Amino acid sequence: MSVDYNIIAEPIAQNVWSTGRTIVIELTDGRTVSFPADRFKILSKATDEQLKEVKIRLNGYALRWEDIDEDITVKGIIAGNFELPLPD
């Protein structure tokens, strides 16, 4: 039996915050990614103050906004799986 030691781990969030209507995520692989909150239905209706309440959940695999009852996976964000198109 052989073991592949070159498996690449899925990056997970180690820090998250919002700047205005942009959500910023620091990943364990050293990257920083960001996305417009308005690309998700529930986040697009949230206030800037509500967006600031983002927390890391599921050991870094998801983001959670408790007050607006929204969860988004980090994997989905990295893959670009947004619910809404970019505004014109």
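**Salt bridges and burial**

Mentor: In this predicted model, arginine 64 and glutamate 66 form a salt bridge, with their closest N and O atoms 3.2 Å apart.

Trainee: What makes arginine 64 and glutamate 66 a salt bridge?
Mentor: The rule asks for a side-chain nitrogen of Lys or Arg within 4 Å of a carboxyl oxygen of Asp or Glu. The N and O atoms here are 3.2 Å apart, so the pair meets the rule.

Trainee: Is arginine 64 called buried or exposed, and why?
Mentor: Its relative accessible area is 11%. Buried means under 20%, so arginine 64 is buried.

Trainee: And glutamate 66, buried or exposed?
Mentor: The value for glutamate 66 is 52%. Exposed means over 50%, so glutamate 66 is exposed.

Trainee: Which arginine meets aspartate 69 in a salt bridge?
Mentor: Arginine 64 does, at 3.0 Å from N to O. Aspartate 69 has a relative accessible area of 52%, which puts aspartate 69 over the 50% cut-off, so it is called exposed. Salt bridges with shared partners join Arg64, Glu66, Asp69 and Asp71 into one network.

Trainee: How many salt bridges does the rule give?
Mentor: The count is seven. Another one of them links arginine 21 with aspartate 38, whose closest N and O atoms are 3.0 Å apart.

Trainee: Why is the pair of arginine 21 and aspartate 38 said to tie parts together?
Mentor: Arginine 21 sits in the loop between β1 (13–19) and β2 (22–27), and aspartate 38 in the loop between β3 (32–36) and α1 (41–44). The pair therefore ties together parts that are 17 residues apart in sequence.

Trainee: What makes arginine 21 partly exposed?
Mentor: Its relative accessible area is 27%. Buried needs under 20% and exposed over 50%, so 27% falls in between and arginine 21 is partly exposed. Aspartate 38 also has 27%, so the label for aspartate 38 is partly exposed as well.

Trainee: What share of the residues counts as buried in the protein chain?
Mentor: Buried residues make up 33% of the 88 residues.

Trainee: How many helices and strands are there, and in what order?
Mentor: The protein chain has three helices and six strands. From the N terminus on, the elements run β-β-β-α-α-β-β-β-α.

Trainee: Where do the charges lie on average?
Mentor: The mean positions of the 10 positive and 15 negative charges are 2 Å apart.

Terms used
Residues numbered from 1 in each chain as written. Predicted model: local features only at pLDDT ≥ 70, side-chain atom pairs only at ≥ 80, totals over all residues. Heavy atoms only, no water. Helix = DSSP H or I, 4+ residues; strand = E, 2+ residues; numbered from the N terminus. Buried < 20%, exposed > 50% of the residue type's maximum accessible area, 1.4 Å probe, protein only. Lys, Arg positive; Asp, Glu negative; His and termini not counted. Charge placed at Lys NZ, Arg CZ, Asp CG, Glu CD.
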